[in-house]
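Subject: Structure for you to look at

Dear colleague,

Here is the structure I promised to pass on, and I would be glad if you opened it before reading my notes below.

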Number of protein chains: 4
Amino acid sequence: MNEALLLQKGQAFLALQPFSMLIGAELHALSPGRCELHVPVAEKILQQNGFVHGGVVSYAADNALTYAGGTVLDWAVVTSEFKINYVRPAIGERLIARAQAVYAGKSQAVCRCDVFVLVNGEEKLCAVAQGTVARLPTNVPAQDTPK
Amino acid sequence: MNEALLLQKGQAFLALQPFSMLIGAELHALSPGRCELHVPVAEKILQQNGFVHGGVVSYAADNALTYAGGTVLDWAVVTSEFKINYVRPAIGERLIARAQAVYAGKSQAVCRCDVFVLVNGEEKLCAVAQGTVARLPTNVPAQDTPK
Amino acid sequence: MNEALLLQKGQAFLALQPFSMLIGAELHALSPGRCELHVPVAEKILQQNGFVHGGVVSYAADNALTYAGGTVLDWAVVTSEFKINYVRPAIGERLIARAQAVYAGKSQAVCRCDVFVLVNGEEKLCAVAQGTVARLPTNVPAQDTPK
Amino acid sequence: MNEALLLQKGQAFLALQPFSMLIGAELHALSPGRCELHVPVAEKILQQNGFVHGGVVSYAADNALTYAGGTVLDWAVVTSEFKINYVRPAIGERLIARAQAVYAGKSQAVCRCDVFVLVNGEEKLCAVAQGTVARLPTNVPAQDTPK
């Protein structure tokens with residue numbers, strides 16, 4: 001699939017996620033193993049100090065990881081786990097999350113993501129993430145568990 | 001501060017977060033080192049398969065961690081990093097995130113969180129998280145960095 | 001399998017790991033979804049300040065996670081990822097890592113671990129960890145990857 | 001400090017860690033925000049299948065993160081938390097862990113690490129890690145905690 005079609009397909013998926021639409025997420029680039037997802041900053045995604053809420057930053061990282069992994073695992077995937085370090089308050093005009101797959105096996109990919117905030121035309125790093133994207137069948141629980 | 005007042009104070013903070021209000025988060029319990037945060041399931045917080053979006057589950061974990069840590073670090077805190085494992089699709093009526101501090105020092109607390117989804121009156125575990133909550137001054141960046 | 005036999009089997013596995021023998025690890029308890037692994041403190045496992053090296057603490061967490069997951073996933077498993085927070089320097093006589101599975105599916109289990117250091121008969125928490133234990137076939141890489 | 005002196009200083013620190021000497025770790029490069037640490041593969045660091053034990057891979061990642069962070073935080077540091085994804089069994093002649101600081105503030109740095117295994121002269125990625133390196137005073141516990 002060429003990259004223009006890949007991006008269209010990715011944008012169509014995003015449009016099916018009510019939560020992504022609620023916060024105004026936009027898929028800006030998608031290629032095998034790579035993704036760029038934006039969230040324009042608006043009042044509704046802030047926390048009490050006027051920064052973008054950490055939950056939105058982690059959403060952006062999580063979703064970008066899923067897309068980057070999805071392109072190398074044939075789409076039907078979920079982020080099964082991830083870790084995020086917030087390094088700077090997200091104050092600016094737009095979140096930009098760029099993720100890439102650093103490893104892909106048959107059923108899982110390991111991806112990394114950098115989240116920047118765009119401030120007066122300059123990108124500043126505000127979070128870094130790393131996680132696992134898994135094909136869906138491996139994530140559907142089959143048996144319950146000790147607690 | 002008694003727990004009723006602590007909870008009121010916590011709820012007042014939550015009401016100052018536009019993003020928490022956007023997704024309908026509710027603080028149900030708060031005591032030293034412990035927090036319970038709910039998010040009623042609504043169409044707007046879903047992804048394309050009708051599950052609660054992972055970004056909302058991670059928001060709930062992140063915010064619950066922050067509150068649990070805030071109660072042992074005198075409130076002005078942020079979650080500086082966390083990790084989450086999603087273990088089951090969140091399908092149900094309500095997310096319930098319960099966090100607790102497992103360690104608190106002068107400037108940081110380490111907290112854990114379980115996120116359940118309430119289905120027909122039964123709680124099912126859908127994610128587990130662990131992270132660091134830091135007093136705000138240690139998180140304000142002072143110098144930039146090698147990249 | 002009764003627990004005495006389960007423990008014997010676990011100890012036999014441990015004895016096959018040259019690295020576990022090198023640092024003196026001991027498996028003290030094993031039951032479905034739970035494990036307790038010890039590492040007696042000795043000069044050779046320290047770092048420059050006389051604390052147990054973080055690498056040994058993370059080894060203990062990692063291996064305890066693997067055992068806890070292995071008991072619910074039929075043994076042929078690896079820890080595929082984990083996260084650890086060090087909360088206190090490990091100074092004492094013995095590391096005690098206790099792990100438990102908090103969720104188990106067909107091919108993966110999510111486990112948590114607390115690592116204590118025994119000091120004058122008292123256990124002090126020195127690290128907490130959380131990670132994924134996977135059946136081996138899902139971890140054998142089949143195809144390479146974008147970088 | 002020039003890089004040759006920086007590397008000498010780093011090697012002197014490593015030599016003070018009995019555990020690093022036990023497993024044969026070598027510091028090969030050190031510059032502001034960057035570190036390269038090696039562990040030659042030997043029988044004593046393996047697990048039962050002949051792979052390098054995950055605990056050694058995580059040691060390499062942890063210690064490389066500490067060095068990378070130490071160079072930007074004035075040396076007296078510890079890794080306070082990290083996360084690692086194992087992506088391929090470590091079978092080969094030598095582990096090579098390369099870490100870099102992606103963000104540095106006054107008291108903490110966030111670093112990433114790639115761990116490769118050298119096989120017939122070719123480097124293969126076997127793990128990726130991300131974590132926080134903290135100046136020592138912020139990590140010395142001052143008060144105990146809710147459990």
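This is a predicted model: local features need pLDDT of at least 70, side-chain atom pairs count only at pLDDT 80 or more; totals for chains, interfaces and linings use all residues.

Residues are numbered from 1 along each chain as its sequence is written, chains are lettered from A and ligands numbered from 1 in the order in which they are written, and side-chain values use heavy atoms, leaving out hydrogens and water.

Helix H1 of chain B covers residues 3-15 (helices are DSSP runs of H or I with at least four residues, strands are runs of E with at least two, and both are numbered from the N terminus). Its buried residues are Leu6(B), Leu7(B), Gly10(B) and Leu14(B), where buried means under 20% relative accessible area, exposed over 50% and partly exposed in between, with a 1.4 Å probe and protein chains only. Seen down the axis of H1(B), these residues fall within an arc of 95°, so they line one face of the helix (the arc is that of the directions from the helix axis to the C-beta atoms).

Rings of Phe, Tyr and Trp (its six-membered ring) pair if their centres lie within 6.5 Å, with planes under 30 degrees apart counting as stacked, over 60 as edge-to-face and the rest as tilted. The count comes to 15 aromatic pairs over all chains. One of them is the stacked pair of Phe13(A) and Trp75(A), at 5.1 Å centre to centre and 15° between the planes. Phe13(A) is partly exposed, at 28% relative accessible area, whereas Trp75(A) is buried, at 15%.

Best wishes

Methods. The expected span of a helix is 1.5 Å times one less than its number of residues.
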